[in-house]
Amino acid sequence: MAHAHDHHEPEGDALFTAAQATLEKSGEQWTTMRASVFEALAGFAKPASAYDIADAVSKREGRRVAANSVYRILDLFVGANLARRVESANAYVANAHPDCLHDCIFLVCDQCGQTTHLDNDAVTGGVRAAASAAGFQPVRPVIEVRGRCADCRVN
């Protein structure tokens, strides 16, 4: 588990460069298709399903891209820390700091679907400690908090 520290969260071209460097550092190639999938994923304001991403890439490429191809790439991205999976929605978000490992805390709005990713090593460290105390070896804690975001609470 990573320790508390400041993040530099790249955006735009810097995010794609960081994602490419992280994937290549893991021994994988940054192919045209992988770049297209990452670009589509990073372009969504909310968590996106493999079907959403396949549709976006298909429109951009002018040819049909199968969702199972996108699923394989997303699995690779999750394993390489380029994307995070929002388990309850079976959807994905681009990791804003792919060169940094953290457990996930997602705040998921039940009304609009907006999902915020938090890094709080104290909270996830407590989850890991509780799991370990119960004789369980945690691999990848993912915490999802369902509720209403600040915008939806006001409306």
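Student: Why is Phe16 called partly exposed?

Tutor: The relative accessible area of Phe16 is 24%. Buried means under 20% relative accessible area, exposed over 50%, and partly exposed in between, with a 1.4 Å probe and protein chains only. Phe16 is therefore partly exposed. Please note that this is a predicted model, in which local features need pLDDT of at least 70, side-chain atom pairs count only at pLDDT 80 or more, and totals for chains, interfaces and linings use all residues. Residues are numbered from 1 along each chain as its sequence is written, and side-chain values use heavy atoms, with hydrogens and water left out.

Student: What makes Phe38 count as buried or exposed?

Tutor: Phe38 has 0% relative accessibility, so Phe38 counts as buried.

Student: What makes the pair of Phe16 and Phe38 edge-to-face?

Tutor: Rings of Phe, Tyr and Trp (its six-membered ring) pair if their centres lie within 6.5 Å; planes under 30 degrees apart count as stacked, over 60 as edge-to-face and the rest as tilted. By this rule there are five aromatic pairs. In the pair of Phe16 and Phe38, the centres are 5.5 Å apart and the planes stand at 85 degrees, which is edge-to-face. This pair links distant parts of the chain, with Phe16 in helix α1 (residues 12-25) and Phe38 in helix α2, 22 residues apart. Helices are DSSP runs (H or I, at least four residues), numbered from the N terminus.

Student: Why is the pair of Trp30 and Phe77 called stacked?

Tutor: The ring centres of Trp30 and Phe77 are 6.4 Å apart and their planes lie at 20 degrees, so the pair is stacked. Trp30 belongs to the loop between α1 and α2, whereas Phe77 is in helix α4, 47 residues away. Trp30, at 17% relative accessibility, counts as buried, and Phe77, at 0%, is buried.

Student: How do you know that the length of helix α4 agrees with its number of residues?

Tutor: The expected span of a helix is 1.5 Å times one less than its number of residues. For the 13 residues of α4 (residues 67-79) this gives 18 Å, and the end C-alpha atoms are 18 Å apart, so the two agree.

Student: Which residues of α4 are buried, and how do you know that they line one face?

Tutor: Ala67, Val70, Ile73, Leu74 and Phe77 are the buried residues of α4. Seen down the axis of α4, they fall within an arc of 120 degrees (taken from the directions from the helix axis to the C-beta atoms), so they line one face of the helix. Arg72 and Gly79 are exposed on the other side of α4.

Methods:
Helix = DSSP H or I, 4+ residues; strand = E, 2+ residues; numbered from the N terminus.
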